[in-house]
Amino acid sequence: KRVAIMPLIPSRGNRNAERGIQHMQPVLTEEFSRNRRFDIVTITPRRLQRLFGIHAIYADDPLPYDFLPTILKETGCQAILFTELTTFRAYPPVALGWKMHLFDLESEKLIWAVDEVFDGGQDKVANSLRRHIRRQYSTHNAAATGILVLDSPREMARFSLSEIIPTIEEKNP
């Protein structure tokens, strides 16, 4: 029921994703907390540095010695979520890509993974984003707000995470 979230990191060599990290990290944490599917414990880069001498780690990197047992002991979590920003396009059409891996801390097995890109330039994604905005904002302001928000990386992040997070329960009832 408790999940440690690792710091959001950019895809290797992706300069656009590097620029988006500081904007998307708070949204990622906020959306996982808001969803209330489990309790969240955020692992900051500073905490990682203190514990293991590193600021970030990819899910497919070799883990430092005693990494998982230390995270389990330090946080009291049952699982750990590695997060990666694979696509970040801040200008219209906005696009975001997420790669996430959720591992059980005791068995060290993969529980859930997702690698998805949400591109506002695709009609299906743009229409789903519009519906999401209509649900989130009052109807009397929806038209004006919709125009502004459709081009917002923050709203695309909220929308994309609201689509991704429920799949955890679908795969792990």
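Predicted model: local features only at pLDDT ≥ 70, side-chain atom pairs only at ≥ 80, totals over all residues.
Strand 5, formed by residues 95–104, pairs with strand 6, formed by residues 110–119. The two strands run in the antiparallel sense, and nine bridges join them. Within this pairing, K99 is placed opposite D115 of strand 6. Five residues lie between the strands of this hairpin. In the hairpin, E108 adopts a positive phi near 65 degrees.

Helix 4 covers residues 123–136 and includes R135. The relative accessible area of R135 is 57%, and because exposed residues are those over 50%, R135 is classed as exposed. R135 also belongs to a surface patch of positive charge, in which it gathers with R130, R131 and R134.

Two residues elsewhere in the chain are buried. I57 is found in the loop that connects helix 2 (45–52) with helix 3 (67–75). Its relative accessibility is 6%; the limit for a buried residue is under 20%, so I57 counts as buried. Along the chain, I57 and H23 are 34 residues apart, and their C-alpha atoms are separated by 19 Å.

A79 is located in strand 4, which spans residues 79–89. A79 has a relative accessible area of 6% and is therefore buried. In sequence, A79 and L63 are 16 residues apart, while the distance between them in space is 15 Å, taken from C-alpha to C-alpha.

How values were computed: Residues numbered from 1 in each chain as written. Heavy atoms only, no water. Pairing = 2+ DSSP bridges. Helix = DSSP H or I, 4+ residues; strand = E, 2+ residues; numbered from the N terminus. Patch = residues over 30% accessible without salt bridge, like charges linked within 9 Å, V, L, I, M, F, W, Y side chains within 5 Å. Areas by Shrake-Rupley, 256 points an atom, 1.4 Å probe, with all protein chains shown as cover. Salt bridge = Lys/Arg side-chain N within 4 Å of Asp/Glu carboxyl O. Lys, Arg positive; Asp, Glu negative; His and termini not counted. Charge placed at Lys NZ, Arg CZ, Asp CG, Glu CD. Buried < 20%, exposed > 50% of the residue type's maximum accessible area, 1.4 Å probe, protein only.
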